[in-house]
Structures are given as structure tokens and as C-alpha cells.
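Biologist: I am new to this protein. Could you walk me through it?

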Amino acid sequence: MKGFLQLLVLQLALKFVLAQDLKCSVDYVSLGDSAYKIERGKFNWWDAARNCMALGTQLATIDSEEELNAISKYLNQLGFGPDEAVWFSGFGIKSGAWISLANSKIQTYFKWASAEPNDLYSAENCLGIKANSGNWFMNDLSCFKEYSYLCEGIPKKTEDNELAV
Ligand SMILES: [Ca+2]
Ligand SMILES: [Ca+2]
């Protein structure tokens with residue numbers, strides 16, 4: 001009887017873990033080495049950054065053309081339109097460099113839209129991407145504008161499926 005109870009507890013625990021896995025796979029999409037979570041709606045850059053941190057992730061950082069291509073493909077699949085933008089982790093500093101909020105490093109990969117970054121009204125310090133015929137380009141935007149955002153985290157291989165950045 002004791003063995004049966006132990007088995008029952010084990011089965012319940014397993015079911016719980018599987019349910020967690022399912023939840024994780026629904027919320028996050030795996031592209032390359034990272035997992036991403038898109039939140040579609042109207043959020044300023046500060047709230048977007050804060051919301052990702054609350055999930056234990058960070059606003060996504062685009063580290064390479066490969067990563068931008070994978071993200072672009074995903075956003076196109078979701079049907080993002082040409083007037084929509086998505087926030088990323090870059091924050092412009094006075095020297096003209098961009099720092100990733102996610103890892104505090106100077107960003108080195110860029111694919112700017114033509115005539116960008118233009119720092120319109122000297123008020124564009126946050127990094128977003130916008131689509132042009134299905135191709136996504138970077139743009140410096142006012143941090144107070146409201147767009148969708150993408151969180152990035154690398155799933156830890158642990159029982160609790162928490163995300164590590
Ligand atoms: Ca990245
Ligand atoms: Ca701009």
C-alpha cells in the first residue's frame with residue numbers, strides 16, 4: 001500500500017511538471033539559442049523593460065543579423081503590420097553609442113532603417129524595430145511612445161522551468 005501511495009505522489013508530481021512544460025512552451029517561443037516572449041499592445045519602453053524583468057527576463061537584445069532574421073520571421077508570422085514597432089533593449093547614450101539594458105554592454109550589431117538613427121526632436125533614445133515590406137529595421141524612437149515588446153531569456157534546464165537571462 002505504501003508503495004502504491006508513493007507511486008501516486010510521483011505520478012501527480014510528474015503531471016505537474018508536464019503541465020508546467022506545456023505552459024512554458026505556449027508562452028515562449030524558442031529561436032536559435034534564446035527563448036522569446038512577445039507582448040503585443042501599447043507599452044512605453046520603460047514599462048516594457050519593467051514587465052520583462054518581472055518575468056525574470058530582459059527586453060531582447062539583437063546580437064547578430066541571424067538573430068534579427070529569426071525574430072523578423074517570427075513577427076511576420078504573427079502578422080505585425082508596417083505601422084507597428086517592437087521595443088528592444090538598446091538605450092542611446094550621449095556619445096552616440098547604444099547600451100543594451102539586458103547585459104549593460106555596448107551594442108555592436110545594427111541594421112538601421114534608411115536615415116536612422118535620426119534622434120528626432122533630440123528625443124529618441126530607445127531602440128525599436130519597424131517593418132518595411134516584411135523586412136525589419138532598427139529605429140531610434142521616443143521612449144514614451146507605446147509599442148509591443150519582446151522579452152528574451154534562456155530557459156534553464158531545471159525542474160521548475162524558470163528562465164535565466
Ligand atoms: Ca539576443
Ligand atoms: Ca528615429
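Predicted model: local features only at pLDDT ≥ 70, side-chain atom pairs only at ≥ 80, totals over all residues.

Biologist: What order do helices and strands follow along the sequence?

Modeller: The secondary structure comes to three helices and nine strands.

Biologist: What share of the residues counts as buried?

Modeller: A residue is buried when 20 or more other C-beta atoms lie within 10 Å of its own. The chain has 165 residues, and the share that passes this test is 26%.

Biologist: Which residues have the most contacts inside the largest nonpolar core?

Modeller: That core has 30 residues. Helices H2 (45–54) and H3 (65–77) each give two or more residues to it, and so do strands E4 (85–92), E6 (126–132), E7 (135–141) and E8 (147–155). The residues with the most contacts inside the core are Leu59, Val86, Trp87, Phe88, Tyr149 and Leu150.

Biologist: Leaving out residues up to four places away in sequence, which residues does Leu59 touch?

Modeller: Leu59 is among the residues with the most contacts inside the core. Leaving out those sequence neighbours, its partners are Ala48, Ala49, Cys52, Trp87, Phe88, Ser89, Leu101, Ala102, Tyr149 and Cys151.

Biologist: How many bridges join E4 to E6?

Modeller: These strands also run antiparallel. Ala85 stands opposite Lys130 in E6. The number of bridges here is four.

Biologist: In E2, which residue is the bridge partner of Leu31?

Modeller: Strand E1 (residues 29–31) pairs with strand E2 (residues 34–43) in the antiparallel sense, over three bridges. They form a hairpin with two residues between them, where Gly32 in the turn has a positive phi of about 60°. The partner of Leu31 in E2 is Ser34.

Biologist: How far apart in space are Lys73 and Gly134, C-alpha to C-alpha?

Modeller: In sequence, Lys73 and Gly134 are 61 residues apart. In space, their C-alpha to C-alpha distance is 8.3 Å.

Terms used. Residues numbered from 1 in each chain as written. Chains lettered and ligands numbered in written order. Buried ≥ 20, exposed ≤ 12 C-beta atoms within 10 Å, placed from the backbone. Core = buried A, V, L, I, M, F, W, Y, C linked by C-beta atoms within 7 Å. Contact = placed C-beta atoms within 7 Å. Pairing = 2+ DSSP bridges.
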